[in-house]
Structures are given as structure tokens and as C-alpha cells.
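Subject: Structure for you to look at

Hello,

Please find the structure below, with notes on what was found in it. Keep it open while you read.

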Amino acid sequence: MEDLSGWASAIEAELRAIGSPWLDRAAVLAETDSTQDAAARLAGRRPGLVVIAGRQARGRGRLGRDWFQRGDLGLAMTAVIEPSIPPERLSLAAGVAIALALEQLAPACGALGLRWPNDLVEATPRPGGGRKLGGILIEVQGGLALVGIGLNLNQRTEDFPGPLRPHAVSLASLALPQGAPAWPRLEVVLAVLRALSRALSLGPEAVVAAWSARDVLTGSEQTFIHDGREVRGRVERLAPTGHITLALPDGGTAELPALATSLKHAALSAGPE
């Protein structure tokens, strides 16, 4: 396992250097059940903390789903943000930030897409996007917003459980040849935090526009769950803080409120959901 002893000081030095108005201190744990729970516990009801785990044993995602991470091949982190930004906008800003950070850090990975509501995926020509590289979990606890970020960094196909292999991918698989040295996780942390600090300072319209430019669901056939029922159709328009417009098989249309609707997909996850 990597030596984490200098991570906290390196992260705090970077936050000072960029003058982040959102984040000012770091806690780096060798192992924890969940960075979300650790962040809520360690923040002391004060925003600005970043929690990084060398290993996360029991990560979770949206709607009680599991997040799979084996050993120290992935990255799990949580940023504690003061709650002036609505949770849905936090999720959009974090997605945009992570995509930009990884593309700049590893141009060979190609363009990355965002799959509503909170997945980072390969951007492929087919509608719906490709394999999942990571995800975001937003929770509000004790008056603070917890922005959980999980990324697949150094896994190879064989490191994922069989059912996830067709659906998960890592930064190393996209950007590094087989047998290359592992991606330095601290380098990724610093890149993500730089991009996140910038994205959090964007206005609502700019965040939505940046997210929509990477949307992979528009044009694809999907099943959504709203008000206890499933609705399947072709996504005509997806306004992440407004409505999802679907073209239905019978020729009609449906408009579902995005904030009260979920996307139906597998129970297991290759990243936080």
C-alpha cells in the first residue's frame, strides 16, 4: 500500500496555493468503512474538510446500493461543503470537475461523459454512454453537504467481480498500457480538488450547461422510476434540475420531474450511485 503520511500536508498546501474558498484542510485515513461517515464525524460541524481513504471497506451509493472497491486500486474521498449550494447542483458541479480533471491529467483516456444522475462514464458513440469510471454521492448531514467521490483508478478487468466487468472501467485501463506503473493516487486527488474548487464557484446556469455538454442519456432508450411506477421511453431532453422528456413507445410523450425520478439499473455498482 502507498505511503500516505505526506498526503494531508500536500493536499492542504495545494488548497492554500489555489486559494480555495470551499476547502481548507484534509484528513487522510489508512482505512475506513465510508469516507462519508468519517467526514461527518471529523468535520466538527465545520465545512472545508476533505477526507481521503487509502482503503474503503464498506462504501455506499445512492438508494442503499453498494460501491465495490478492492484494496487500494481505487480512490474514495469526501469533501465537506457549506450547504449554500443545493445538493443537485453540487452533484452536477462535481461530475463536471472530475471529468475535466481526468481528461487534463490523462488525455489518452479520451472524452468522458456524465450519465444522469451521478455517473462518470466513457463517452462512446452509442447513446447511454460506456462503462462506468466513477460516481458521486451527495448527502446532507448535520447542516453540511457531503460530496462523496469514488473513482476506479488502477483496476484491470480481472480486479472487478464478474458481473461488473462489462460495466466498469478504470483510468489505468483507458490511459495506460498493460503493465505500466500504477497511477499515483495523490496526483489524481490534487487534480480533482483543483477542478472541484473551480466548478463550485460557477453559477447555476453555467454548471447546468457544462454538465449538459457531457450528457450521454439524451437520445437513448431508458427506464425511469417515478412515483412508484416504471416509465420507459427515448430520452428527448434531460434538464437535470428540471424535467426529463421521454418519447413513449405509443407515440406520446411524458415529462418526469428530474429531482423526484430515478434511473433504473443494476443493484451492484462499479462506483457510488
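The buried residues of helix α5 are Arg185, Val188, Val189, Leu190, Ala191, Val192, Leu193, Ala195, Leu196, Ser197, Ala199 and Leu200. Here buried means under 20% relative accessible area, exposed means over 50%, and partly exposed is in between, with a 1.4 Å probe and protein chains only. Helices (H or I, at least four residues) and strands (E, at least two) are DSSP runs, numbered from the N terminus.

Two points about the source come before the rest. This is a predicted model, in which local features need pLDDT of at least 70 and side-chain atom pairs count only at pLDDT 80 or more, while totals for chains, interfaces and linings use all residues. Residues are numbered from 1 along each chain as its sequence is written, and side-chain values use heavy atoms, with hydrogens and water left out.

Helix α5

This helix runs over residues 185–200, and 12 of its 16 residues are buried, so α5 is mostly covered. The cover over those buried residues includes α1 (7–18), β2, β3, α3 (87–105), β7 and α6 (204–212). The length of α5 can be checked as well. The expected span of a helix is 1.5 Å times one less than its number of residues. For the 16 residues of α5 that gives 22 Å, and the C-alpha atoms at its ends are 22 Å apart, which agrees.

Helix α2

In helix α2 (residues 35–42), the buried residues are Thr35, Gln36, Ala38 and Ala39. They lie on the same side of α2, because they cover an arc of only 165° around the axis. The arc is that of the directions from the helix axis to the C-beta atoms. An α-helix has 3.6 residues a turn, so residues three or four places apart point the same way. The buried residues of α2 pack against β1 (25–32), β2 (49–56), β3 (74–81), β6 (132–141) and β7.

At the N-terminal end, α2 is capped by Ser34, with a side-chain oxygen 3.1 Å from the backbone nitrogen of Gln36. This is a polar contact (a pair of N or O atoms within 3.5 Å; within protein, one must be able to donate a hydrogen and the other to accept it, and residues adjacent in sequence count only if both atoms are side-chain atoms). Just after α2 comes Gly44, which has a positive phi of about 60°. Gly44 sits in the loop between α2 and β2 and is exposed, at 59% relative accessibility. From Gly44 to Pro127 the distance is 43 Å, C-alpha to C-alpha, and the two are 83 residues apart in sequence.

Salt bridges

How many salt bridges does a search of the whole structure find? The search finds nine. A salt bridge is a side-chain nitrogen of Lys or Arg within 4 Å of a carboxyl oxygen of Asp or Glu.

Asp24, Arg25 and Arg46 are linked in a network of them. Arg25 and Asp24 meet at 3.0 Å, N to O. Arg46 also has a salt bridge with Asp24, with the closest N and O atoms 3.9 Å apart. Arg46 lies in the loop between α2 and β2 and Asp24 in the loop between α1 and β1, so this pair ties together parts that are 22 residues apart in sequence. Arg25 is buried, at 14% relative accessible area, whereas Asp24 is partly exposed at 41% and Arg46 is partly exposed at 44%.

Another salt bridge joins Arg131 to Glu122, where the closest N and O atoms are 2.9 Å apart. Arg131 is partly exposed at 30%, and Glu122 is buried at 15%.

Arg156

Arg156 is found in the loop between β7 (144–152) and α4 (171–175). The side chain of Arg156 does reach the backbone oxygen of Leu176, at 3.4 Å. Leaving aside neighbours within four places in sequence, Arg156 is in contact (heavy atoms within 4.5 Å) with Ala172, Ser173, Leu176, Pro177, Gln178 and Gly179.

Regards
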